[in-house]
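Reader: I'd like to learn how to read a model like this one. Could you walk me through it, feature by feature?

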Amino acid sequence: MIETASLLAVLPELILTAGGLILMLVAAYAGDGSARVVNWLSVVTLAIAGVALSCSLAHGPDAFDGLYRADAFSVFAKALIYGAAAAAILLAPRFFSVGGKPRPEYAVLILFAAIGMGMMVSAGDLLTLYVGLEMNSLASYVLASFMRQDERSSEAGLKYFVLGSLASGILLYGSALLYGFTGTTAFDGIAVAMGDGVSNGELFGMVFLLCGLAFKISAVPFHMWTPDVYEGAPTPVTAFFGSAPKVAAIALTVRVAIEALGPAGLDWQQIVIFVALASILFGAVAAIGQTNIKRLMAYSSINNVGFALIGLAAGTPAGVAGTMSYMAIYVLMTVGAFACILQMRDADGNPVETIASLSGLSQSRKGLAAALAIFMFSMAGIPPLFGFWAKFLVFDAAVAANLTLLAAFGIAMSVIGAFYYLKIIKTMYFDEPIVAYEAKGGPVENIILTACAVVIVLGYLLNPVLDQASAAAAASLF
């Protein structure tokens, strides 16, 4: 018999499930004409699920005999996921209206992906982990190929599906090995089994599990899908991939490392440090020669994942808090940057993705150029913008955990990474103007990018709230 407390713990997922099923029926019967209504109702559903997080936390932390965790960590991650998902829905209609009608199933797919991501960050068992991850992945594969008439979108969906299936197989194999050598799929049970020492079988299982998770966060050397999928997928979908699923995958990796693999900290710490170093270096260097801004954002995401993993490598509450604060700030920067990219349109309203098309933007669209410059400066970690604080937190945690060389490497790579961000700013402000973009952007895009830009500039005022929330989230894992 299912306890009422367990149902209340999963209330956000129940709300999203009911909302997704109802809106799917609305879309099926009303057709494409219902797209606007479905979009707004999907955002309302996400908002209601966000409010229900407090109820979920009140009846936590464990539900369904430990399969599901409703703790401060999951609430923090879900708040970011729901916010990013809502932004991806609001940014989409104007993009899909070019050359055709917006389709209501886009918002429904994001709702179902949000359910999977919620299960990921609340997983207390390898089975819950896999079910949540696959639910998110299945919706993501369809979203990547959402524009069926576009060859790039179809190719992106196919590549994502093939490589994602491979990564899921690797992760499932690692889970099977851990179950075989520990005798349990529960995170707590795995931690107890590893407390007596890590056997070779457990070590292999841990490596395969972390490899599967590294694919989901697009970390080197499992990043190969990211540039092609980011470039080929519709831009609102790319904005979604770069924010909500990234938070879910990072949060899941943190939970698995701390809760399930905690006693094997010295073993997984070496893997995380290597992945962080490789991602930072590759993301910084590979982005330099890019001419497509969506591909550049893909390499930027790889680079930022590396920085976020520095906090996890520390393996301390301060490190985990730094990682979650980093992801919160990263979501703001990513959503704001893609809101700007969605306004890169020619006179006919068709999307433009080349960095060269930004030449002289400061003369024709001063506000757009200023907003994009803020996001680029922040991603580069230039003080006093909020992106600097994100990097400072993970570097400070690394130094406190005696990983000074790792922090020093990250700081050095930040200088290299700043080059391609500053290149965009130089193009907007110092290059000769070329054909101007469409006269103005949509009101929703303007509101979202303005709100994100204001928070990035004045974010230090929110530091007490963010620090307290991330610290509480990290404390719930230890």
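Author: Gladly! This is a predicted model, and we can begin with a helix. Helix α19 covers residues 386-400, 15 residues in total, and spans 22 Å from its first C-alpha to its last, close to the 21 Å expected at 1.5 Å a residue.

Reader: Which residues of α19 are buried?

Author: Among them are Phe386, Trp389, Leu393 and Phe395. The cover over the buried residues of α19 includes α15, α16, α18, α20, α21 and α22.

Reader: And what should I look for in the backbone?

Author: Most residues other than glycine have a negative phi, and most peptide bonds are trans.

Reader: Are Ser218 and Asn402 buried or exposed?

Author: Ser218 is buried, at 0% relative accessibility. Asn402 is exposed, because its relative accessible area of 70% is over the 50% cut-off.

Reader: Where are the cis peptide bonds you hinted at?

Author: One joins Val220 and Pro221, with omega about 10°; Pro221 is in the loop between α10 and α11. Another runs from Pro383 to Pro384, with omega near 5°, and Pro384 lies in the loop between α18 and α19.

Reader: What does Ser168 touch beyond its neighbours in sequence?

Author: Ser168 sits in helix α8 and is buried, with a relative accessible area of 3%. Its contacts are Tyr130, Leu133, Glu134, Tyr141 and Lys216, leaving aside neighbours within four places in sequence. With Glu134, the Ser168 side chain makes a side-chain polar contact of 2.6 Å.

Note on methods. Residues are numbered from 1 along each chain as its sequence is written. This is a predicted model: local features need pLDDT of at least 70, side-chain atom pairs count only at pLDDT 80 or more; totals for chains, interfaces and linings use all residues. Side-chain values use heavy atoms; hydrogens and water are left out. Helices (H or I, at least four residues) and strands (E, at least two) are DSSP runs, numbered from the N terminus. The expected span of a helix is 1.5 Å times one less than its number of residues. Buried means under 20% relative accessible area, exposed over 50%, partly exposed in between (1.4 Å probe, protein chains only). Contact means heavy atoms within 4.5 Å. A polar contact is a pair of N or O atoms within 3.5 Å; within protein, one must be able to donate a hydrogen and the other to accept it, and residues adjacent in sequence count only if both atoms are side-chain atoms.
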